[in-house]
Amino acid sequence: MSLDPETVRRIADLARIAVTEDEVARLQGELNGILAWIEQLNEVATEGVEPQTGAVRMPLRLRDDVVTEGDQHDAILANAPDRADNALGSFFAVPKVVE
Amino acid sequence: MSKPTDLTIAEARDLLSRRALSARELTEAHLSAAERLSSLNAFITLTAERALRDAARSDERLARGEARPLEGIPLGIKDLFCTEGIRTTAASRILDGFTPPYESTVTRKLWEAGAVCLGKTNLDEFAMGSSNTTSAFGHVVNPWRRRGDNRDLVPGGSSGGSAAAVAARLCLGATATDTGGSIRQPAAFTGTVGIKPTYGRCSRWGIIAFASSLDQAGPIARTVRDAAILLRAMSGFDPKDSTSADVPVPDFEAAVGRGVQGLKIGVPKEYRLSGMSAAIISLWERGAAWLREAGAEIREISLPHTKYALPCYYIIAPAEASSNLARYDGVRFGLRVDPGGDLDDLYAATRAAGFGAEVRRRILIGTYVLSAGYYDAYYLKAQKVRALIARDFDRAWAEVDAILTPATPTSAFAIGEKQDDPVTMYLNDVFTVTANLAGLPGISVPAGLDEGGLPLGLQVIGRPFDEETVFAVAGAIERAAGFDALPAVRA
């Protein structure tokens, strides 16, 4: 499988990374180089093999469904690039989403 | 007494507890070395005031006879571990201005064990790289030089700052992380010892995530014993990490001198690559001979899916990274670039400006292999190959107790080399990446020099949660190798 410029633009859009036309050309070459190298996995017979999702084959632990921490407004907002403080509380601020 | 910066952790611990050396003297010696050798660019942030405060507290405890296991030991912390109140960057512009309001579990354990925080070490951006040249804070210089060659060499990556700082004697030890070789490859390139423990041994909580099913923390130090001392303090169950293993932490240090009498050591034939340098092959053979002389039995084994480990990794790691790095959107922390459009424009502009070329490349690969229509062909396929790689090791453990391989296919290369094509750089991790995919412990021990006088490492891989055997074999290699070469640049 080989990526065309349109696919590179679509992936970049999905990944929310702005790319220029020059970058599309360069990325197309680099990504196709990596994908061509990855294609060698097709040589491996994997019929009937269970996919392994993690490094260790153990069930995920469950914990009690209780609140262990919270009420950390200031710590959470401490690194906000932009914030809004008003009568309702303190918030992360972003460009207007709903007209 | 040798210079404070030349001490091992075990020696410093002894001198401190006998009050023959103060934590303050030890810390000041390392801070001044780090400042003097700042041209190596091993540290992104030096925390001198904090270090002196930690040292003063250690001296008080030492005076009261209440020393903890790492009391007064100055460490470097890879700048991927969140440290409360200390800028944490992941060597990326996208975390511009980020100061964590919390402490990673591993670093919290180190401070609770009495360690002194010297600062945050440089790395490849988001731990993605094998040369420490992708850092937004500039490349790290390897303190070693090739004989008759003045070019700066890479320290390896991604934990290049940690490895360079330990090798150049700017700290007694350092934390690091390893997703495909990021502890073991820089350790091999700098003549230091680095261990990636079993997946689940060290909590990932508070470590900036790259690929969550592969990431594992571990130490870099100058001796096997020091690595064992640090790993014990870093390990342990943590309910905050859902993949943390609830298993006891053994006294790793006690295992270092245990010897290899009666152990069966596997030498996998698939690790003998065509075109491998004579120096690496002879080092590997020498390593097997040392272990045989120490009483181990050497057996050739087969790990048939080895050649598929790297391409498998380069699907799984970018896929996980593309998901993990989705959080960097310019809204809650770090860099924001607002081009004046809508929220999507803010995301795209922030991420384009904040991520470097290698990180963007991996996010795009990961996004592609997870996208509709390609998931089965790439991601699911890679997960199945991963299962086969793990099965290779399961079968090997029926025959042998540990596996001996070279740590890297070459010694350190010059800055700027291997940059033409991403895949050439990826091949650095050919011997290390299998242990990440299978979740196994692996250590790199300096064992010799190549024809240019640069260090080479041997890797020992062990069964899950059997770091003790890994340390025992590494200890035997260290004793037999008698590696005492020193880097050209050091404190």
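This is a predicted model: local features need pLDDT of at least 70, side-chain atom pairs count only at pLDDT 80 or more; totals for chains, interfaces and linings use all residues.

I then looked up chain A as a whole: its mean pLDDT is 92, and 98% of its residues reach 70 or more.

Next I went through the fold of chain A. I found three helices and two strands. Reading from the N terminus, I noted the order α-α-α-β-β.

Then I checked the overall dimensions. Chain A has a radius of gyration of 23 Å, whereas a compact globule of 99 residues would come out near 13 Å. Along the principal axes, its C-alpha atoms fill a box of roughly 60 × 45 × 25 Å. I also looked up burial: 15% of the 99 residues of chain A count as buried.

Last, I turned to the contact between the chains. On the chain B side I have 56 residues, and they touch 39 residues of chain A. Five helices of chain B each supply at least two residues to that side: H10 (309-324), H11 (343-354), H12 (357-369), H13 (375-396) and H14 (422-426). H13(B) gives the largest share, ten residues. Sorting the chain B side by class, I wrote down 32 nonpolar, twelve polar and twelve charged residues.

Terms used
Residues are numbered from 1 along each chain as its sequence is written. Chains are lettered from A and ligands numbered from 1 in the order in which they are written. pLDDT is the predictor's confidence in each residue, from 0 to 100. Two residues are in contact if their C-beta atoms, placed from the backbone, lie within 7 Å. Helices (H or I, at least four residues) and strands (E, at least two) are DSSP runs, numbered from the N terminus. Ala, Val, Leu, Ile, Met, Phe, Trp, Tyr, Cys and Pro count as nonpolar, Asp, Glu, Lys and Arg as charged, and the others, Gly among them, as polar. The radius of gyration is taken over C-alpha atoms; the globule rule is 2.2 Å times the number of residues to the power 0.38. A residue is buried if 20 or more other C-beta atoms lie within 10 Å of its own, exposed if 12 or fewer, and partly exposed in between; C-beta atoms are placed from the backbone.
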